[in-house]
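Dear colleague,

I am passing on a structure that may be new to you, and my notes on it follow below. Please read them with the model open beside you.

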Amino acid sequence: MTANLLDFDLEGLAAFCGGLGEKRFRAVQLYRWIHQKGQADFEQMSDLARSLRSKLAGVAEVKALPVVSEHRSADGTVKWLFDVGAGNAVETVFIPEADRGTLCVSSQAGCAVGCRFCSTGHQGFSRNLSTAEIVAQLWYAEHRLRATLGLPEGQRAIDNVVMMGMGEPLQNYAALVPALRTFLDDHAYGLSRRRVTVSTSGVVPMIDRLRDDCPVALAVSLHAGDDALRDSLVPLNRKYPIEELLQACQRYLDAAPRDFITFEYCMLDGVNDSPEQAQALVRLLKPRIHCKVNLIPFNPFPLSGLLRSPRERVLAFAHVLQEAGIVTTVRKTRGDDIDAACGQLAGEVQDRTRAPERLARLRQVIPIAVQAGQGQP
Ligand code: SAH
Ligand code: SF4
């Protein structure tokens, strides 16, 4: 079988090259050609020994993902849809900001967690992406953007990666970690540890493993300050309730004491956005954990049955947290004219988990009151 070299972090590539009888420095050269220069054709890798190039030709390739579409938003956001086979497609979003370029990367085709407010969750789960399929998103986006933006040699387009696309990254741990290592490696993308963020709905044992294996920045999707409400929004809470989750967050910080956890909180009209709920969140977080809170205005999609909190309510909620000394930001919604905003990434998923039925049942068991007519911007 032909190996896809996007599947390897540097150690993996060194082992692969070792198997071909090649020294480690050859693997470093090859890794730099692939990731720093975006070169997929071994013949073009001019300073790579001819003998290695011909060995590689038979056994390896740099296989990117086929691009189904590319959409550019009026605000500069770019969304790509990549074909991952068997009727599945995943989305990747580039978000340019004044001081940095962020890429939002997918980790799975669909997601098995099934959060009520998330379009990916409503689609169900098809399969985990491989390391190569995760890395290919950054590989393609970085080199495509360098070309389209006409960036000078050596200047990168993307300096921040967030695992906030489709999927729950910590339910695809084995493929995730080598991908993160490639994002961080100075011979590849050289991103700083604080500029690679894993966002999780709270897979507690994997938070501990990430701390030991590759402690990048951690964002935790909290969305509620009590277990009853969080159970109804993030079904995984029934397995790993808030107290256990916060203890895992604290253990994560113990390994890197100067860091903080970002808690994401999707603002749902009439569900989790009252001043009392903000106060409960303060009581939960303030005494015990070094954190920031990022309030995300809910991006509605058909069938969610939920509405976005009105702006005044989001600001009032933020005010309560800020008054208590918790650094709080309200996420700007970007790229919504091309459905590239948080939670709108739907791709194409061949569901194998009957998620739509599961969610319909959940909705019957735990009805959430939504006052019609409010919340739309
Ligand atoms: N599975 C991971 C990462 C992908 S979701 C997680 O849940 O953290 C990335 C972020 O988008 C999460 O914080 C999630 O809560 C948020 N999100 C999902 N659906 C959303 C929606 N419809 N509107 C706004 N944010 C949403
Ligand atoms: Fe999965 Fe995250 Fe969406 Fe929940 S919010 S369904 S964990 S992708």
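In what follows, buried means under 20% relative accessible area, exposed means over 50%, and partly exposed is anything in between, with a 1.4 Å probe and protein chains only. Please keep in mind that this is a predicted model, in which local features need pLDDT of at least 70 and side-chain atom pairs count only at pLDDT 80 or more, while totals for chains, interfaces and linings use all residues. Residues are numbered from 1 along each chain as its sequence is written, chains are lettered from A and ligands numbered from 1 in the order in which they are written, and side-chain values use heavy atoms, with hydrogens and water left out.

I begin with two backbone details. Ala-86 has a positive phi of about 50° although it is not a glycine, and Ala-86 lies in the loop between β4 (78–85) and β5 (88–96), where helices (H or I, at least four residues) and strands (E, at least two) are DSSP runs numbered from the N terminus. With a relative accessible area of 70%, Ala-86 is exposed. Leu-303, which is also not a glycine, has a positive phi near 80°; this residue is found in the loop between β13 and α11, and it is exposed, with a relative accessible area of 71%.

Next comes the empty space. Rolling a probe the size of a water molecule over the atoms shows where such space is left. On a 1 Å grid over the protein atoms alone, a cavity is a set of points where a 1.4 Å probe fits but cannot get out, whereas a pocket is an open set with protein on both sides within 12 Å along at least five of seven lines, and lining residues have an atom within 4 Å of a point. Grid points are joined across faces, edges and corners, and a volume is the space filled by probe spheres set on the points.

By this rule there is one cavity of 30 Å³ or more. The largest cavity has a volume of about 500 Å³, and of the 30 residues that line it, Phe-117, Cys-118, Met-164, Gly-165 and Ser-221 are the closest to its centre. At least two lining residues come from each of α4 (119–123), β10 (196–200), β12 (261–267) and β13.

The space of the largest cavity is taken by ligand 2, where a molecule counts as sitting in a cavity or pocket if more than half of its atoms lie within 2 Å of its grid points. Among the residues that surround ligand 2 are Cys-111, Cys-115, Cys-118 and Glu-168, a residue being near a molecule or strand if one of its heavy atoms lies within 4 Å of it.

Ligand 1 has 20 residues around it, of which Phe-117, Ser-199, Ser-221, His-223 and Asn-299 come nearest. A nitrogen atom of ligand 1 is 2.7 Å from a polar backbone atom of Phe-117, and a polar side-chain atom of Glu-168 lies 3.3 Å from a nitrogen atom of the ligand. A polar side-chain atom of Glu-264 lies 3.1 Å from an oxygen atom of ligand 1.

Asn-299 itself is found in the loop between β13 (291–297) and α11 (311–323), and is buried, with a relative accessible area of 4%.

With best wishes

Key
Polar contact = N/O pair within 3.5 Å; in protein donor to acceptor, adjacent residues only side chain to side chain.
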